[in-house]
Amino acid sequence: GNADGDAVDDVLALVDGFLATQLRGRIAAARGVRIEEPFAFTVGDDLPVVHGVLDVIAVQDDSSALVVDYKTNRVEGLDVATVAQEEYGLQRDIYALAALRAGAPQVEVAYVFLERPDEPVSRVFTGADVPRLEAALRAVLEPVARGDHPVGPAPHGHRSTWCPGHS
């Protein structure tokens, strides 16, 4: 009953919850699955390289990609779709662009909030979305490249792996 033991039990309960989900079945059926997959790309020669790590990327039989990102946010009483959009919209665009740039004809980016693993928030992107995704990312990176925006405090007390303001 020590605090560490309780924390481990909590994590195991969350993982067990995820294991029962439909998303897990899709990962299990995928042609190839990689975890902690690093990526790096640029949307302009004068702009910082965008880099990060995908929690899970599963390549399905039709070559489309499924990117799954686990979130441990407390979401009790909140709308998970709103949390995903407001807190991770840019990250989602970056993950989609990373998979599309790597050759996936289509990518689904799914956020799984481990408190509510049966309610993944997902969005599908195709090559047709690339110009819009790149333009949105350039709009964020250009002020960073000019030094207009210092890096702010990290949300939830952890540093985003993809943030261009961090080396």
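Helix 4, residues 130–146, has 17 residues and spans 24 Å from its first C-alpha to its last, close to the 24 Å expected at 1.5 Å a residue. The expected span is 1.5 Å times one less than the number of residues in the helix. Helices (H or I, at least four residues) and strands (E, at least two) are DSSP runs, numbered from the N terminus.

The model is predicted: local features need pLDDT of at least 70 and side-chain atom pairs count only at pLDDT 80 or more, whereas totals for chains, interfaces and linings use all residues. Residues are numbered from 1 along each chain as its sequence is written, and side-chain values use heavy atoms, with hydrogens and water left out.

Helix 4 bends by about 25° at Ala139, and Pro143 follows within four residues. The bend at a residue is the angle between axes fitted to the seven residues ending there and the seven starting there. Val130, Leu133, Glu134, Leu137, Leu141 and Pro143 of this helix are buried; buried means under 20% relative accessible area, exposed over 50%, and partly exposed in between (1.4 Å probe, protein chains only). These buried residues pack against strand 1 (32–41), strand 2 (50–59), helix 3 (80–101) and strand 5 (121–126).

Helix 3 has 22 residues, but its end C-alpha atoms are only 28 Å apart, short of the 32 Å that a straight helix would reach at 1.5 Å a residue. A bend of about 80° lies at Tyr88 in helix 3.

Gly103 lies in the loop between helix 3 and strand 4 and counts as exposed, at 54% relative accessibility. Its C-alpha atom is separated by 9.4 Å from that of Gly127, 24 residues away along the chain.

As a whole, the protein contains 4 helices and 5 strands, arranged along the sequence in the pattern α-α-β-β-β-α-β-β-α. Of its 167 residues, 40% count as buried. Among contacts (heavy atoms within 4.5 Å) between residues at least 6 apart in sequence, 60% join residues at least 24 apart. The protein exposes about 9100 Å², of which carbon and sulfur atoms supply 53%; accessible areas come from the Shrake-Rupley method with a 1.4 Å probe, and for residues only the protein chains shown count as cover.

The largest nonpolar core has 32 residues, and Phe41, Val107 and Phe113 have the most contacts inside it. Strands 1, 2 and 3, helix 3, strand 4 (106–113), strand 5 and helix 4 each supply at least two residues of this core, with the largest share, 11 residues, coming from helix 3. A second, separate core of 10 residues includes Ile27, Ala30, Leu66 and Leu114. Such a core is a set of buried Ala, Val, Leu, Ile, Met, Phe, Trp, Tyr and Cys residues joined through side-chain atoms within 4.5 Å.

Leaving aside neighbours within four places in sequence, Val107 is in contact with Ala65, Val67, Ala96, Ala99, Leu100, Arg123, Val124 and Phe125.

Lys71 belongs to strand 3 (residues 65–71) and is buried, with a relative accessible area of 8%. Its side chain and that of Asp69 are joined by a polar contact of 2.7 Å. A polar contact is a pair of N or O atoms within 3.5 Å; within protein, one must be able to donate a hydrogen and the other to accept it, and residues adjacent in sequence count only if both atoms are side-chain atoms. Beyond its neighbours within four places in sequence, Lys71 is in contact with Tyr88, Gln91, Tyr111, Val112, Phe113 and Leu114.
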